Amino acid sequence: MRLRDFLAPERVVVPLHAATLQEGSDILLDRLAAAHGILDADALRTRVAEGRPEDVVAMGDRAFLVHYRTPAVGQLLVALGVAPEPLRWTGGDEAEGERSARVVLMVATPPRFAARYLQVVGAFARLLRKPELLAQLLAVTSPADLLALEAFAEHRLPEQLTVRDVMSDHPRTTQADVPLKEAAKILVRTGLGALPVVDEDRRVIGIVSEREVIRHLLSVQAFGGPDGRVAVAPVGGGKTVRDVMTRQVLCVAPEQPLAEVASLMSNKDVDRVPVVREGRLVGFLTRGDIVRKLIGS
């Protein structure tokens, strides 16, 4: 399929007259709610009103991606708007400051269409990274002008992404007999959220994350007391990685579809998974890797 197949005149708003991302999103939502393929418009609006942090992704200063996975829609639907002036968005995080962009891409999809969703969002993101296309998009003055852009008609959806396309090769690891203090230092120094624990044959036997380290620190603090009158053991003490690591580890294969694994990670509430081939570690995949791949940042 081509990207043009996901765009319809009634779901393209040019010009998108709004000052903020919220105002622009409301206009696009009205177009989506009236589209063929909506199973429950009220449920869709309820889902949008929840305002989850992950609903909006800023693609640099190029565009905003507003996306919803909900059973309120029966098929993947796309709405696209181009504003005359940049729309403002704070993102609910004052530390990051205000973001602005003129293009708003809204996607609503049923949960079962995860693979197609990843393909469509990834394709739009790659096109929007091209300066020449972005310039053409910002120059359109009507929905007809936008739909006539050759890039949307010519661009075919890529083959289904696999874990191999996104994973980090040669991940940092640790071993079970390493002192916990050393593993904790690696986590702090590198900024990694977790380390796969491997044996001498690089077979995954566990994972140690910030969560396990914090859990250990809390247990030590509970016995040591917060007022300093009782000596508190240093991080790790005499413990090793083996003493605190999680042994039940969700592992995936490099050939698995990325959409399948992303859905699995979401359902299991897992932030990162080791990638193995014949039991041996060949990579590491995080939710951040998936997001960076899709939006190209």
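Visitor: Which residues lie nearest the centre of the largest pocket?
Guide: They are E54, H67, R69, S266 and V291, and the lining has 28 residues. A pocket here is an open set of points on a 1 Å grid over the protein atoms alone, with protein on both sides within 12 Å along at least five of seven lines, and lining residues have an atom within 4 Å of a point. Please note that this is a predicted model, in which local features need pLDDT of at least 70, side-chain atom pairs count only at pLDDT 80 or more, and totals for chains, interfaces and linings use all residues. Residues are numbered from 1 along each chain as its sequence is written, and side-chain values use heavy atoms, with hydrogens and water left out.

Visitor: How much space lies in that largest pocket?
Guide: About 890 Å³. A volume is the space filled by probe spheres set on the grid points, which are joined across faces, edges and corners.

Visitor: And which element supplies the largest share of its lining?
Guide: That is α12, with six residues. At least two residues each come from β2 (56-59), β3 (63-69), α3 (114-128), α11 (258-268) and α12 (287-295). Helices (H or I, at least four residues) and strands (E, at least two) are DSSP runs, numbered from the N terminus.

Visitor: What classes of residue line the largest pocket?
Guide: The lining has 17 nonpolar, four polar and seven charged residues. Ala, Val, Leu, Ile, Met, Phe, Trp, Tyr, Cys and Pro count as nonpolar, Asp, Glu, Lys and Arg as charged, and the others, Gly among them, as polar.

Visitor: How many cavities of 30 Å³ or more are there?
Guide: The structure holds one. A cavity is a set of grid points where a 1.4 Å probe fits but cannot get out. The largest cavity has a volume of about 50 Å³, and its lining is made up of A115, L118, Q119, Q160, L161, L258 and A259. Of the elements, α3 gives the most to this lining, three residues.

Visitor: Turning to the largest nonpolar core, which members touch the most others?
Guide: V78, L146, F152 and L285 do, in a core of 49 residues. The largest share of this core, 10 residues, belongs to α3. A nonpolar core is a set of buried Ala, Val, Leu, Ile, Met, Phe, Trp, Tyr and Cys residues joined through side-chain atoms within 4.5 Å; buried means under 20% relative accessible area, exposed over 50%, and partly exposed in between (1.4 Å probe, protein chains only).

Visitor: What is L146 in contact with, leaving aside its neighbours within four places in sequence?
Guide: Its partners are L7, V12, V14, L80, V82, L137, V140 and F152, where contact means heavy atoms within 4.5 Å.

Visitor: On to the loops. Where is H170, and is it buried or exposed?
Guide: H170 is in the loop between β6 (168-169) and α8 (180-190), and counts as exposed because its relative accessibility is 76%. Its phi is near 50°, a positive value in a residue other than glycine.

Visitor: Where is E278?
Guide: E278 is in the loop between β9 (272-277) and β10 (280-286). Phi of E278 is near 55°, again positive in a residue other than glycine.

Visitor: Lastly, which residues does a cis peptide bond join?
Guide: V14 and P15, with omega about 0°. P15 belongs to the loop between β1 (12-13) and α1 (21-33).
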